[in-house]
Amino acid sequence: MEKGSILSLISGIIVLVGTFFLTWFTVGLADASGIGLIKNLSDYFTNAAIVAALWGVPTFVIYIVGACYILFLASGVLILIGVKSRALAIIGSLMPIAMTMAILFGSLDMPADIINYVGVFLDTGGIIPGIIPYTLEIGPSGTLSMATVALGTYVMLVGGIIGFISGFFKRD
């Protein structure tokens, strides 16, 4: 295997672990993770008009954002497929990088009403409460949004960066 394939494989595993087994951030007693997103995504589409009114945007925007969330959930798999395709490694790595940047800036209270936008990620139960997704709050924490960034955000960022870099190396 060439460097690009190996890095893509490592990156895909890291992104999948960060997405589904670790918490990205916490708001009160709720944890945000890929598990919460999977649980809440159908409500997001069925109540698109309500969410759109809350956000102050047309309803079709909610469907576009929902499609991006689905692409984000698949990004770890896209990076794994990137073992053979450089383009998929790069495309798959952009979503975790974008999501982690949004989480980090959102935790710094940009925008202040971030809770309206992140409700789709929140879950109070998890698969095994207290174990999966694993929560380790390591900051930063916002004062207005009351969100605290957790380990999963940084793990996804590292995985996304490695995946992006892998796209510039040769494959088999």
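The legends below describe close-up views of a predicted model.

View 1. Five strands make up an open sheet, in which the order is β3-β2-β1-β5-β4 and the pairing is antiparallel. The edges of this sheet are formed by β3, at residues 122–123, and by β4, at residues 137–141, each of which pairs on one side only.

**View 2. The pairing of β4 with β5.** Strand β5, which covers residues 147–150, pairs with β4 in the antiparallel sense, and two bridges join these strands. Within this view, Glu 137 can be found opposite Ala 150, a residue of β5.

**View 3. Two helices that lie across the sheet strands.** Helix α5, which covers residues 86–107, lies across β1 (25–27), β4 and β5, and runs at about 140 degrees to β5. Helix α7, which covers residues 151–166, also lies across β4 and β5, but runs at about 50 degrees to β5.

**View 4. The largest pocket and its lining.** The largest pocket holds about 350 Å³ of space. It is lined by 17 residues, and those closest to its centre are Tyr 69, Met 99, Ala 102, Val 118 and Phe 121. By residue class, the lining of the largest pocket contains 15 nonpolar and two polar residues, with no charged residue.

**View 5. The helices that contribute to the pocket lining.** At least two residues of the lining of the largest pocket come from each of α4 (59–81), α5 and α6 (115–118). The largest share belongs to α5, which supplies seven residues of this lining; α5 is also the helix that lies across β1, β4 and β5.

Terms used
Residues are numbered from 1 along each chain as its sequence is written. This is a predicted model: local features need pLDDT of at least 70, side-chain atom pairs count only at pLDDT 80 or more; totals for chains, interfaces and linings use all residues. Side-chain values use heavy atoms; hydrogens and water are left out. Two strands pair if DSSP finds at least two bridges between them. Helices (H or I, at least four residues) and strands (E, at least two) are DSSP runs, numbered from the N terminus. Contact means heavy atoms within 4.5 Å. Axes are lines fitted to C-alpha atoms, for helices over the stretch in contact, and angles run from 0 to 180 degrees between N-to-C directions. On a 1 Å grid over the protein atoms alone, a cavity is a set of points where a 1.4 Å probe fits but cannot get out, and a pocket is an open set with protein on both sides within 12 Å along at least five of seven lines; lining residues have an atom within 4 Å of a point. Grid points are joined across faces, edges and corners, and a volume is the space filled by probe spheres set on the points. Ala, Val, Leu, Ile, Met, Phe, Trp, Tyr, Cys and Pro count as nonpolar, Asp, Glu, Lys and Arg as charged, and the others, Gly among them, as polar.
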